[in-house]
Amino acid sequence: MIKLYGSKMTSAYRCHVLAKEIGLKYEEVSVDLGNPGEGYLKLNPNGKVPCLVDGEFVLWESMAINFYLAGKYNPELLGSSIEERALIDQWSYWAILELQPDMFKVVVQVFTPEDKRDKDVIKNGTANMKPKHRILDDYLKGREYMVGKAFTLADINVGSVAIVNRMIGNDLSEFVHLEKWLNMLGKRPCFR
Ligand SMILES: N[C@@H](CCC(=O)N[C@@H](CS)C(=O)NCC(=O)O)C(=O)O
């Protein structure tokens with residue numbers, strides 16, 4: 001049985017979303033991140049989650065796991081041409097390299113007890129994300145999905161970062177196309 005280490009409240013989230021989308025049968029294994037243990041460090045020497053074990057094959061880094069799972073179990077999610085695949089790559093890297101770092105900083109503060117919370121980090125992180133949200137909003141104008149005419153891995157990979165806005169109560173009302181797309185994602189069973 002395929003094993004996915006890491007809970008839905010971690011970077012493993014996007015892998016759980018994809019697994020649900022493709023109906024993958026797998027076991028979710030929780031990891032004590034403060035003390036992952038020798039056994040887990042043999043799988044992922046970074047001591048981070050997620051990590052996937054598919055038979056003898058071991059893979060870490062959430063994006064790599066998603067491209068692997070999609071390629072092996074549901075290649076349709078990787079687009080219908082080289083160009084679509086390239087755009088899925090582009091937006092996936094963009095999500096994790098451009099949008100996620102500020103999102104991560106904000107999330108950590110939002111879930112920190114109020115007396116210890118650094119409100120400047122929330123303010124600056126939210127401000128830094130605005131131009132990124134503008135780029136996404138402009139791109140999504142007139143589109144139902146991120147790439148092509150069908151739901152792809154780009155919707156999952158970008159959505160897994162952008163949907164966190166909902167969890168932290170970030171006001172996106174000025175980004176109507178982004179809002180519409182997030183609403184569409186929110187209705188999909190894999191994101192619920
Ligand atoms: N780039 C990695 C990031 C993984 C990551 O930072 N995971 C966090 C949980 S969200 C973790 O395991 N942290 C434990 C630690 O830093 O020791 C990925 O996307 O897989």
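This is a predicted model: local features need pLDDT of at least 70, side-chain atom pairs count only at pLDDT 80 or more; totals for chains, interfaces and linings use all residues.
**The ligand and its pocket**

A nitrogen atom of the ligand is found 2.8 Å from an N or O atom in the side chain of E61, and an oxygen atom of the ligand lies 2.6 Å from a polar side-chain atom of S62. As for the cover that the protein provides, the ligand on its own would expose 510 Å², and 69% of that area is buried by the protein.

If we now step back to the surroundings of the ligand, the residues around it are T10, S11, L33, K48, V49, P50, E61 and S62. Sorted by class, this shell is made up of 3 nonpolar, 3 polar and 2 charged residues.

The peptide bond that joins V49 and P50 is cis, with omega at about 10°, and P50 itself is placed in the loop that runs between α2, residues 37-43, and β3, residues 51-54. E61 belongs to the loop between β4, residues 57-60, and α3, residues 62-73, and its side chain is the one that comes within 2.8 Å of the ligand nitrogen.

Which pocket holds the ligand? The ligand sits in the largest pocket, whose volume is about 910 Å³. That pocket is lined by 26 residues, and those nearest its centre are M9, T10, S11, Q100 and F104. The elements that contribute two or more residues to this lining are α1 (13-22), α4 (82-110), α6 (153-162) and α7 (164-167), and the largest share, 6 residues, comes from α4. In terms of class, the lining of the largest pocket has 15 nonpolar, 7 polar and 4 charged residues.

To tie the two descriptions together, T10 and S11 are among the residues that surround the ligand, and they are also among those that lie nearest the centre of the largest pocket.

How values were computed: Residues are numbered from 1 along each chain as its sequence is written. Side-chain values use heavy atoms; hydrogens and water are left out. A residue is near a molecule or strand if one of its heavy atoms lies within 4 Å of it. A polar contact is a pair of N or O atoms within 3.5 Å; within protein, one must be able to donate a hydrogen and the other to accept it, and residues adjacent in sequence count only if both atoms are side-chain atoms. Accessible areas come from the Shrake-Rupley method with a 1.4 Å probe; for residues, only the protein chains shown count as cover. On a 1 Å grid over the protein atoms alone, a cavity is a set of points where a 1.4 Å probe fits but cannot get out, and a pocket is an open set with protein on both sides within 12 Å along at least five of seven lines; lining residues have an atom within 4 Å of a point. A molecule sits in a cavity or pocket if more than half of its atoms lie within 2 Å of its grid points. Ala, Val, Leu, Ile, Met, Phe, Trp, Tyr, Cys and Pro count as nonpolar, Asp, Glu, Lys and Arg as charged, and the others, Gly among them, as polar. Grid points are joined across faces, edges and corners, and a volume is the space filled by probe spheres set on the points. Helices (H or I, at least four residues) and strands (E, at least two) are DSSP runs, numbered from the N terminus.
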